[in-house]
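Please open the structure in the viewer and keep the sequence at hand.

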Amino acid sequence: MNLRSIHSKKKSLAGIKIAGCLHVTKETAVLVETFKAAGAQVSWSGCNPLSTQDDVAAALDANNVEIFAWRGLSSEEYYWCIEQTLKINPEFTLDDGGDLIFTVHTKHTEYLKSLRGGTEETTTGIHRIRSMASEGKLRYPIIAVNDAETKSDFDNVYGTGQSAIDGVIRATNVLFAGKNIVISGYGHCGVGLSSRAKGLGGNAIVTEVDPIKALRARMDGFTVMTMEDAAILGDVFITATGCKDVITKEHFAKMKEGAILANAGHFNVEVSASDLESLASKKREVRPDNMEYTLPNGKRLYLLAEGRLVNLAAAEGHPSEVMDMSFANQFLSILRLASEGNAMKPGVYEIPRSQDEEVARLKLDAMGIKIDVLTPEQSKYLSGWEEGT
């Protein structure tokens with residue numbers, strides 16, 4: 001809101017056209033309307049078939065925003081919505097997961113000639129775009145918003161940590177205290193999930209493929225083991241890896257009666273729903289966003305939100321208090337592209353340290369917190385090398 005008050009007066013994005021593909025939540029709506037207040041024309045779609053909050057989409061539509069999103073999209077409808085946003089002939093894209101960028105580069109290359117830059121919100125999307133860049137297939141500059149410290153160290157850790165567990169609780173009303181909570185992946189999201197599961201009284205078990213992250217999880221006090229071993233022990237499973245086939249039929253067969261399966265990653269490929277479908281003798285929806293699968297031996301397993309990101313499909317996503325930093329980075333990155341994009345070659349660009357610090361200062365101001373400032377002598381000491389023991 002601080003940034004909106006500044007740039008609505010300046011009309012810093014006057015005449016700029018932005019196509020966005022990002023979860024349609026109340027937090028996103030504030031970002032969209034901030035772009036509009038700064039003078040931009042915006043066309044928007046959701047970046048997941050189950051994450052759109054229909055009342056928010058309706059409110060944006062009532063405020064004359066081009067919005068193509070509703071909860072419960074088929075795959076065909078999902079990509080149709082993305083394609084509609086491109087009809088404004090955007091200069092910039094704003095993405096979460098890379099599907100908009102992928103669509104432009106594969107199916108609608110006619111829009112590439114007018115695109116001057118874009119941004120990417122999440123870890124999975126950054127992996128996809130860096131792969132495109134390494135193969136020489138990325139055709140315009142993308143700023144990696146996800147990799148800003150004021151994004152990944154807060155949105156991913158505190159946002160996902162709280163909201164994914166919120167989604168599990170809303171879909172099940174299960175008690176975490178005393179349960180074995182298996183967290184797959186110990187990146188930023190897994191760190192947040194593990195600490196919050198522990199805080200609720202759960203016994204957090206971490207699975208990893210990265211030896212450094214696995215070691216960090218152990219040093220942080222968590223049990224670390226393979227998914228094969230964890231499958232036998234887990235009461236609740238939450239994946240946060242960005243990879244496919246993390247939990248498959250081999251693991252389902254070993255699980256306890258009543259085990260709960262959830263995914264906090266961007267795409268619905270981490271928990272193999274197709275394997276569960278093939279194993280089950282019957283299924284039924286027992287609560288909203290909670291499907292019970294009965295295996296031939298009578299054992300029941302519960303898959304939440306179709307294996308899609310549970311924090312947005314079964315809950316409301318991250319609280320505003322962390323999304324404001326992520327979206328401040330999105331807004332500032334579009335401002336940067338508007339002024340510098342023509343001089344930037346296709347590739348993936350980091351957010352500068354100065355922007356990260358600006359966002360952190362804005363956040364501290366909003367929280368009413370003041371911090372110390374280095375004296376000239378301290379700055380000289382930290383940048384020098386002459387002084388020793």
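Select helix α8 (residues 188–199), which lies across β7, β8 (203–207) and β10 and runs at about 170° to β7. Such angles run from 0 to 180 degrees between N-to-C directions, the axes being lines fitted to C-alpha atoms, for helices over the stretch in contact; contact means heavy atoms within 4.5 Å. Helices (H or I, at least four residues) and strands (E, at least two) are DSSP runs, numbered from the N terminus. The model is a predicted one, in which local features need pLDDT of at least 70, side-chain atom pairs count only at pLDDT 80 or more, and totals for chains, interfaces and linings use all residues. Residues are numbered from 1 along each chain as its sequence is written, and side-chain values use heavy atoms, with hydrogens and water left out.

Next, select strands β7 (residues 180–184) and β10 (residues 236–239), which pair in the parallel sense over four bridges; strands pair if DSSP finds at least two bridges between them. Ser184 stands opposite Thr239 in β10.

Now display the whole sheet: eight strands form an open, mixed sheet in the order β9-β8-β7-β10-β11-β14-β13-β12. Its edge strands, β9 (223–224) and β12, each pair on one side only.

Five bridges join β13 to the antiparallel β12 (residues 282–287), with Glu292 as the bridge partner of Arg284. In their hairpin, which has two residues between the strands, Asp289 takes a positive phi near 65°.

Finally, select β14 (residues 300–304), which pairs with β13 in the antiparallel sense over five bridges. Here Met291 stands opposite Leu303.
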